Amino acid sequence: MKILVLVKQVPDTATKIRLNPGDTAIQTDGIKWVINPYDEFAIEECLRLKEKAGGEVVVLSLGPSRVEEAIRQALAMGADRAIHVMTDAVIDSQVAARALAKVAQEEGYDLIVTGKQAVDDDQAQVGALVAVELGLPQVTVVIELNVDVESRRIRAERELEGASEIVELPMPAVITAQRGLNEPRYPTLPNIMKAKKKEVKSVPLDSLGVDTTPWVRVEELTLPPERPAAKILTGEPEEAAKELARLLHEEAKVI
Amino acid sequence: MSDMQALLDDFYGLDRELSPDEIQIRETVRRFVDQEVRPHAGQWWQEGVFPVHLIPKLGELGVFGPTLPEEYGGSGVTGVAYGLMMQELERGDSGLRSFASVQSGLAMYAIYRYGSEEQKRAYLPRMASGQVIGCFGLTEPDAGSDPGAMRTTAKKGGKGYILNGAKRWITNGNLAKIAVVWAKDDEGIIRGFVVPTDTPGFSAREIHTKASMRMSVTSELYFDNVELPEDAILPLSKGLGSPLSCLTQARFGIAFGTVGAALDCLQEAAEYTKTRIAFGRPIAATQMVQERIVDMLSRVVDMQLKALQLGRLYQAGAMRYPQVSLAKRDNARGALEVARMARELLGGNGISVDYVPMRHMANLETVDTYEGTYEVHTLIVGRDILDENAF
């Protein structure tokens, strides 16, 4: 089975985000970059499928040269090889999906797996758009995946608000992973060393022949307002409780 | 990790000196320790248990003998990568790092360096995976800083050798399937032996009275006419220099490991002073606290610089043992001082294992003493530069 996993490099969730006034993108200096956590579930699932059914797991990532760190990490987890679509340009989900779909189409895959969304811009679009670009069936927000290689059928459980849904679809297909699908493995030391020797093919975005005109332009970017300092009530419990009730009623207006 | 934590981690921009693999290896071990060790470290330490369930995972991760060639189960990583792994393990707990140090730097290294090809093939891959745990028997109840005064003997007899004597303060003693034991032969020359711990006459007794290194298994070993075959001897070992060369490996790991413990203390203390309010402001906004934090940071940067340069010398094959001694001496003491300062900054909370400094501090008292005390390393460096033996 030939599996493609789409991986995005994002700022570590604990990194402090900096913006200068008028910026339409965050300041990237000093940021610690990691693999999008939902993509880690995707990688893990692909590796497990490969371990069961054999075949190959190929990592596909898009972005500037720093993205290679994320690619190496995915290779160290156990993926076989990688393709890096290089660009320094700011692109939107549509352009990203077109580029990724183009690469996927050229190679041909039984399964394309990615995270349900990236934790940087939270658009949750690329997985679905890649499926549309390729005209493939898709199932999103998957928490359990069963692939029958013989019949080439997929049975997936997806998470809904307060419920879960089980869908069946044929291969090839696009799957997007939700937390709970699995517990991603650590890249082990022997695998980190092996990953150094694995192939990472670099492909300039411009060479793909896809329209790179974005559909979406960021007009303005602002940080969330600073949280006001917490108010600490002192005094006897009885009085503090009264004061708390008053504040909740009059100031917070929640009761 | 907050911005402040990241800044404290690498105040001098030393990550620029590391290769991408070295950083990746460090981050991998760090993540493992964050997820599998840190949430439980205080409890395990308090209860005096070593997390044996982590042994296979550590083996899989590749922390045992990582610098050894692949054919013996290693990964052929750089000395710096090995050091950084020790740093991250010790950020979790010095006991965890000690476990890995003894397995890699002492037991595996002794077999790798002084063993026969058969011994290497028989033991090293299984030790790398964690299936076989080793310990290293050098120190005796009456021979610590002066190991040449050991009384354990391996006389010719039986099917090879007959081992008699006792060892003390042996990390992993009760976890080990094999012990690398140093003993004097018929000529009084110190030789190494690989002793399976189920050999008749071998016994290990765990020391339960420690107020330090509580997450580590420390034992006494007794050899009562332990009969060993001819091929139990490490053929290339001869004289005190053999075990001492193994100690150099372990001391190298300590130079890095202690950075981890110190960073953990510094980071928790810095965080604490930002949130602890006294007299209407965070204590971090007071001059005395800032001086303390900067003193701690200064120690940590010194330690990091020394460890990194030692690692580069190791890689270049240019490392001299007195250089290792200076780094072990200063970094163990430096980490201990940082831990003590952190403990003070946390006030009453500092004495609880709910916070890290007291646990690290108690552990570091051991680290300051074992693998050559502060004083022993002072004399090693003194002898090196002054060409006078003051032992």
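**View 1. Helix α8 of chain B in the predicted model.** Helix α8(B) comprises 35 residues, and its first and last C-alpha atoms lie 51 Å apart, close to the 51 Å expected at 1.5 Å a residue. A bend of about 25° occurs at Ala255(B). Because 29 of the 35 residues of α8(B) are buried, the helix is largely enclosed by the rest of the structure.

**View 2. The largest nonpolar core.** This core holds 143 residues, of which Ile154(A), Ile111(B), Met127(B), Phe136(B) and Trp182(B) touch the most other members. Its largest share, 16 residues, is supplied by helix α8 of chain B, residues 241-275. Apart from this core lies another, of 25 residues, including Leu100(A), Ala131(A), Leu205(A) and Leu208(A).

**View 3. The surroundings of Ile111(B).** Residues up to four places away in sequence are not counted here. The residues touched by Ile111(B) include Gln119(B), Lys120(B), Tyr123(B), Leu124(B) and Met127(B). Ile178(B), Val180(B), Val194(B) and Leu234(B) are also touched by Ile111(B).

**View 4. Glu88(B) in helix α5 of chain B.** Glu88(B) is located in helix α5, which covers residues 79-92 of chain B. Glu88(B) counts as buried because its relative accessibility is 0%. Leaving aside neighbours within four places in sequence, Glu88(B) is in contact with Arg26(B), Val29(B), Arg30(B) and Val33(B).

**View 5. The domains assigned in chain A.** The domain assignment gives domain 1 as residues 2-208 and domain 2 as residues 225-255 of chain A. Taken over C-alpha atoms, the centres of domain 1 and domain 2 of chain A are separated by 45 Å.

How values were computed
Residues are numbered from 1 along each chain as its sequence is written. Chains are lettered from A and ligands numbered from 1 in the order in which they are written. This is a predicted model: local features need pLDDT of at least 70, side-chain atom pairs count only at pLDDT 80 or more; totals for chains, interfaces and linings use all residues. Side-chain values use heavy atoms; hydrogens and water are left out. A nonpolar core is a set of buried Ala, Val, Leu, Ile, Met, Phe, Trp, Tyr and Cys residues joined through side-chain atoms within 4.5 Å. Buried means under 20% relative accessible area, exposed over 50%, partly exposed in between (1.4 Å probe, protein chains only). Helices (H or I, at least four residues) and strands (E, at least two) are DSSP runs, numbered from the N terminus. Contact means heavy atoms within 4.5 Å. The expected span of a helix is 1.5 Å times one less than its number of residues. The bend at a residue is the angle between axes fitted to the seven residues ending there and the seven starting there. Domain bounds come from an automatic or database domain assignment.
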